[in-house]
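Opening the notebook on this one.

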Amino acid sequence: MTASTPKPPRVLILSASTGNGHISAAKALQRVCEEKGLISKLVDTLDYAPKGYRLWYAGGYEALVHWMPKVWGLLYRDSDRPKTSFYLQTRLDILFLKRLDALVRDFQPDWILCTHSLPQPRLALLRAQGVRFRVGIVVTDLHPHLMWLRGEPDRYFVPSEWSKQRLLERLPTADSRVEVTGIPVHSAFACAETKVEARKRTGLPLEVPVVLVSAGGIGAGPFGRGVDLLQKVDLPLHAVVICGRNEGLYSRVSDAFRGGRITVKGHIALEDMATFMRSADFMIGKPGGLTSAECCVAGCPLVVYAPFMIPGQEEDNARSLVESGAGLLVENEVELQTVIARLLSSPTELQLLRKNALALAKPNAAPTIIQQLQGE
């Protein structure tokens, strides 16, 4: 009598639309589920919250990041400790995500993968009520903030050994449940296309270094001044400037830097961003969790410009990149000018940064995570 083939797991992927990274990681996981024939569903958790809470949670985040980044940094640090703000946020997440219950009961997942910490408290309550499913937490920042450690997940999938050590310092009992898989990114970032091939496809010059500049999807920070520095560098280069979803920023930068050594883009497709990363000698930007992972997979060293950076999680991400030798951190305009000139004049340093970035890369994070679910 032959053994029956095990039924593939049903996978519910929960994310939240606060920035682009969490959703991008969720989409990478869903693509692998589809390729492997798994029944899966990707949901923005905020779609199951009341409108007021949704606007406060996502809109409030973007407003703080854009207009009061220091306030956001203080909130981030405060909620990273078991204090009033942490417990209050956890209570709110439980209270305002009641509609998730019906989704989970109807879909009947074997596994729920979270690429955002928001749904974790509600899932923990559901399991306490006897609803059966397993939970995998896909940590999409290099630093495991306390919000990621809520409930009793069956698996933590973390970006790096650096991340794992910091998680275990906070939660030693999770040792057997933590796997270093990397952050799931689109396969386009791991394309074997060479730098020359990528530049030909995008129409970028072959004879001078290419510098990519991005302040993320929101496009915050003193972006125009950062771009202006590239105009003043007395060395050959071509810059590709990505303004993201900030249409006002795109208009201002396009008007100020039309033509010449700078190409200005607004919001672009993820596959195009991957091609620009492979075209570039290095990138100047902010170290979001997904951006950091994508740069490493594409072999594009990241120069973190502090004024672009979101205080809190991105400060920790920057620290990880610098300690791993996969990126540099510059604090101000003078330092940025110096570093740009140094990198453009130092192929050896650029090669070492690229080598370290590729060593840190985990291009198969999404397949690795889904394969582990299938094996349990």
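My entries follow, by topic.

**Ground rules.** I'm working on a predicted model, where local features need pLDDT of at least 70, side-chain atom pairs count only at pLDDT 80 or more, and totals for chains, interfaces and linings use all residues. Residues are numbered from 1 along each chain as its sequence is written, and side-chain values use heavy atoms, with hydrogens and water left out.

**Cores.** I looked for nonpolar cores, meaning sets of buried Ala, Val, Leu, Ile, Met, Phe, Trp, Tyr and Cys residues joined through side-chain atoms within 4.5 Å. Buried is under 20% relative accessible area, exposed over 50%, partly exposed in between (1.4 Å probe, protein chains only). The largest core has 36 residues, and L12, L14, V104, I112, F133, Y156 and L167 have the most contacts inside it. Elements giving it two or more residues include β1 (11–15), α2 (51–67), α5 (100–107) and β5 (155–158); helices (H or I, at least four residues) and strands (E, at least two) are DSSP runs numbered from the N terminus. The top contributor is α5, with four residues. A second, separate core of 35 residues includes I183, A274, L321 and A326.

**Y156.** I listed its contacts (heavy atoms within 4.5 Å). Leaving aside neighbours within four places in sequence, Y156 meets I137, W148, L149, L167, L171, A174, R177, V178 and E179.

**Cysteines.** How many disulfides does the structure hold? I get zero, taking a disulfide as a pair of cysteine sulfur atoms within 2.5 Å. C191 is partly exposed, at 38% relative accessibility. For C296, the nearest cysteine sulfur is that of C295, 7.0 Å away. C296 counts as buried because its relative accessibility is 4%.

**S320.** This residue sits in helix α13 (residues 313–323). Its relative accessible area is 1%, so S320 is buried. Not counting residues up to four places away in sequence, S320 touches L142 and W162.

I searched a 1 Å grid over the protein atoms alone for cavities, sets of points where a 1.4 Å probe fits but cannot get out; lining residues have an atom within 4 Å of a point. One cavity of 30 Å³ or more turned up. The largest cavity holds about 150 Å³, the space filled by probe spheres set on points joined across faces, edges and corners. Of its 14 lining residues, L142, P159, A293, C296 and L360 are closest to the centre. α12 gives the largest share of the lining, four residues.

Note on methods: 1 Å grid on protein atoms, 1.4 Å probe; cavity = no way out; pocket = protein on both sides within 12 Å on 5 of 7 lines; lining within 4 Å.
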